[in-house]
Amino acid sequence: LEQPEQAERLLGPAASLQRLLLWTLASLSLMPLGREGPVVQVGAAVGHALRRRFPGWLGQLSHADLVAVAAGAGLAGGFDTPLLGVVFVVEEFISSFSSVLIWPALVIGGMAAAFSNLAGQPEFALGTLGVEPLELMQVVWAVPIGVLGGLLGGLFGRLLLRFTRFCRDFSRRYPLRLGLVVGGLLALFMLLSGGASGGDGELLMRQLLDQGALSSSLFVDLLNLLLRLLGPVLALGTGIPGGLIDPAFAYGAVAGHLAGSLLAGPQLGLALGMAAGLAGATQLPVMAVLFAVRMAGDQQLLPGLLLAAVLAAYASRLLVDQPIYHALKAVAEAGPFRTDRR
């Protein structure tokens, strides 16, 4: 968006296919990765290619706005959530509301989600939670769970930034060593957690809902939470294509479920934890709320989700002073990380 002269190199067929291939291999290896990176890349690449082929297409939009709308459509299609794509464009890419931008984003995002639904992506990933707590109870428990999720999200972001800086330098000098160490650690995490630390976070959340707990031991549950926090840091920090939405949802859901089991009820805690974990990681509370409603399929939880997400975004800023996507961009532009070896 900021360097349109780089669009062909970054959004061309080769770069997009390479990213998709690497993400697919990583996902088949059960690495704890999200998918917003690849689907945003695909959407933006399609928008860029169509503008080159049909220069007058959506001529009221600049090239940057068109790429942003197309990227949001990729996100909407990847998660079958049309409003999510629009909010992501506004909250993350453009940082302003404009009817010229939002109207085509709504139409394109809706079409993307419709085609995604044809391919089998469910409308509500977790079904409908079916909990109906009083709004006052939601608000009461949203405070501790929101703060907890925000601090976990801030810790996740801080660790990810530090490890990404380290890997930018180390991977150039010792790529094989880094790959073996990170791969070995992720495999060890899977063994220690019985598989709970890897793969799709939605499957983990469904297990929490169906079985009521990951284990019968609080220590094991806390270990799984720790591994769910550290695993994505290792995978994403090395530069493997992926995303942090799914990992943030997963550790937020585990933390919320644990807190809810002690306080508000596990299902309510899981829903609030999802929103808090994602808002804490991204500092994008509106997107987090929409995502949580989409996952849970229950608008009755909206009061608690709103408060938990906003509190989490504020709490996260105690540890990371800017949204993680912006912070990672700054790391990428800073060049290889150097330590003081004196």
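Start by selecting Glu8, which is partly exposed, with a relative accessible area of 37%. On this scale, buried means under 20% relative accessible area, exposed means over 50%, and partly exposed is in between, using a 1.4 Å probe and protein chains only. Before you click on, note that this is a predicted model, where local features need pLDDT of at least 70, side-chain atom pairs count only at pLDDT 80 or more, and totals for chains, interfaces and linings use all residues. Residues are numbered from 1 along each chain as its sequence is written, and side-chain values use heavy atoms, with hydrogens and water left out.

Helices here are DSSP runs (H or I, at least four residues), numbered from the N terminus. A salt bridge means a side-chain nitrogen of Lys or Arg within 4 Å of a carboxyl oxygen of Asp or Glu. Arg52 itself counts as exposed, at 58% relative accessibility.

How many salt bridges does a search of the whole structure find? It finds 2. For the other stop, pick Arg173 and Asp169, whose side chains meet at 3.2 Å, N to O. Both belong to helix α7 (residues 135–173), 4 residues apart, or about one turn of the helix. Asp169 is buried, with a relative accessible area of 5%, while Arg173 is partly exposed at 41%.

Next, colour Leu83, Trp103, Leu106, Val107, Met111, Phe115 and Leu118. Together they form a nonpolar patch on the surface with about 820 Å² of accessible area. Patches are made of residues with over 30% relative accessible area and no salt bridge; like charges are joined within 9 Å, and nonpolar side chains (Val, Leu, Ile, Met, Phe, Trp, Tyr) within 5 Å. The areas come from the Shrake-Rupley method with a 1.4 Å probe, and for residues only the protein chains shown count as cover. Helix α6 (residues 99–118) gives the most to this patch, with 6 residues. Zoom in on Val107 in that helix: Val107 is exposed, with a relative accessible area of 55%.

Time to go inside. The largest nonpolar core has 79 residues, and Phe156, Phe249 and Leu305 have the most contacts inside it. A second, separate core of 10 residues includes Leu61, Ala68, Val90 and Ala105. A core is a set of buried Ala, Val, Leu, Ile, Met, Phe, Trp, Tyr and Cys residues joined through side-chain atoms within 4.5 Å.

Is Gln283 buried or exposed? Buried, with a relative accessible area of 5%.

Finally, colour by pLDDT, the predictor's confidence in each residue, from 0 to 100. The chain's mean is 84, and 91% of its residues reach 70 or more. Last stop: residues 337–342, where pLDDT stays under 50. Where pLDDT is low, the predicted coordinates should not be read in detail.

Key
Helix = DSSP H or I, 4+ residues; strand = E, 2+ residues; numbered from the N terminus. Contact = heavy atoms within 4.5 Å.
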